[in-house]
Amino acid sequence: MKMLERIHLSIIREVEKRGSLTAAADTLCLSQSALSHSMKKLEQQLGTDIWLREGRSLRLTQAGRYLLGVAERVLPQLNLAEERLQQFAAGERGTLRIGMECHPCYQWLLRVVAPYLAAWPDVDVDVKQKFQFGGIGALFAYEIDLLVTPDPLFKPGLHFEPVFDYEQVLVVNRSHRLAGMDFVEPAQLSAEVLITYPVASERLDIFKLFLIPAGVAPRRHKTIETTDILLQMVASGRGVSALPRWLVEEYAGQLDVVPVRLGAQGIAKQIFLGARQSETDIDYLRAFIAQARRLNSVRSADSDR
């Protein structure tokens, strides 16, 4: 006899999220009595409690916590399956949901999206930037289909492909004392104000690959959310930063900024596209990865001329 149903998982997740049976019932368009009756019947069939009452609040039991984990894994997959089937029924291919785990990668992504949309008119693209620096969980939770990241975490069930090569460089004002140098050493940044995105220092290349190994810290570390404002600050002489060379060169025509190599060998990086292993054969997802690789090939050919 079937005991566990989708509505039970939805109720458990919403009660945990909303904090009460009443709020969960409103969200799910159920009466509180219907919700309570459904869960009480499930508890009787399972032979175990899902919640314990503590005053006016509910606390999940061990069984309840297990079912919450099931709900958080299964419900997003069911919702995605229904959405995809509705799109197929309407003659559409679907929506490719892309998460960003890289602030400056957005400008790169725009170059890929335009030709991709032209080639795949029946596929929509939705870019979700709220997953900056936390995209692995979003992939596992089926909230996104592709993750753009320069720092992949190779976990079972996920597949990452490198699609774009670039160099991480120091960016300075054109009249800065370091602007004319072939490369800079870590110690030369100890007197500088370093401007970065608001990310933990240990996740920033300028720190983890350049400054920290040398035991060097900048005079001051400031954070700015947006690329445009960050580069405006550098151009006005308020500090230095570290960005992909291609992005600095793109802005160099508009602002008084120039790139300088970090160390004699430079810092080579790649942009990766990550997807769930089980979905790597989806044709329009593979086509997006192929389009990203073509962009890299065109860029490499142009730089060789």
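This report describes selected local features of a predicted model.

## Basis of the description

The model is predicted: local features need pLDDT of at least 70 and side-chain atom pairs count only at pLDDT 80 or more, whereas totals for chains, interfaces and linings use all residues. Residues are numbered from 1 along each chain as its sequence is written, and side-chain values use heavy atoms, with hydrogens and water left out.

## The β-α-β unit

Strand E3 (residues 94-100) pairs with strand E4 (residues 123-128) in the parallel sense over six bridges; pairing requires that DSSP find at least two bridges between two strands. Within this pair, Gly94 stands opposite Val123 in E4. Helices (H or I, at least four residues) and strands (E, at least two) are DSSP runs, numbered from the N terminus.

Together with helix H5 (residues 105-119), E3 and E4 make a right-handed β-α-β unit. A crossover is right-handed if, with the strands pointing away from the viewer, the path from the first strand over the helix to the second runs clockwise.

One disulfide is counted, a disulfide being a pair of cysteine sulfur atoms within 2.5 Å. It joins Cys102 to Cys105, with an S to S distance of 2.0 Å. Because the torsion about the S-S bond of Cys102 and Cys105 is about 80°, this disulfide is right-handed. Both Cys102 and Cys105 are buried, where buried means under 20% relative accessible area, exposed over 50%, and partly exposed in between (1.4 Å probe, protein chains only). Cys29, by contrast, is exposed, with a relative accessible area of 70%.

His103 is found in the loop between E3 and H5 and counts as buried at 9% relative accessibility. The side chains of His103 and Glu225 are joined by a polar contact of 3.4 Å. A polar contact is a pair of N or O atoms within 3.5 Å; within protein, one must be able to donate a hydrogen and the other to accept it, and residues adjacent in sequence count only if both atoms are side-chain atoms.

## Two buried loop residues

Glu192 lies in the loop between strand E7 (183-184) and strand E8 (193-196) and is buried, at 9% relative accessibility. Its side chain forms a polar contact of 3.0 Å with that of His176. Not counting residues up to four places away in sequence, the residues that Glu192 touches include Arg177, Pro218 and Val240, contact meaning heavy atoms within 4.5 Å.

Ile224 is placed in the loop between strand E9 (220-223) and helix H8 (227-235) and is buried, with a relative accessible area of 14%. With the exclusion of residues up to four places away in sequence, Ile224 touches Ile195, Thr196, Tyr197, Pro198, Ile229, Leu230 and Met233. The C-alpha atoms of Ile224 and Arg177 are separated by 23 Å, the two residues being 47 residues apart along the chain.
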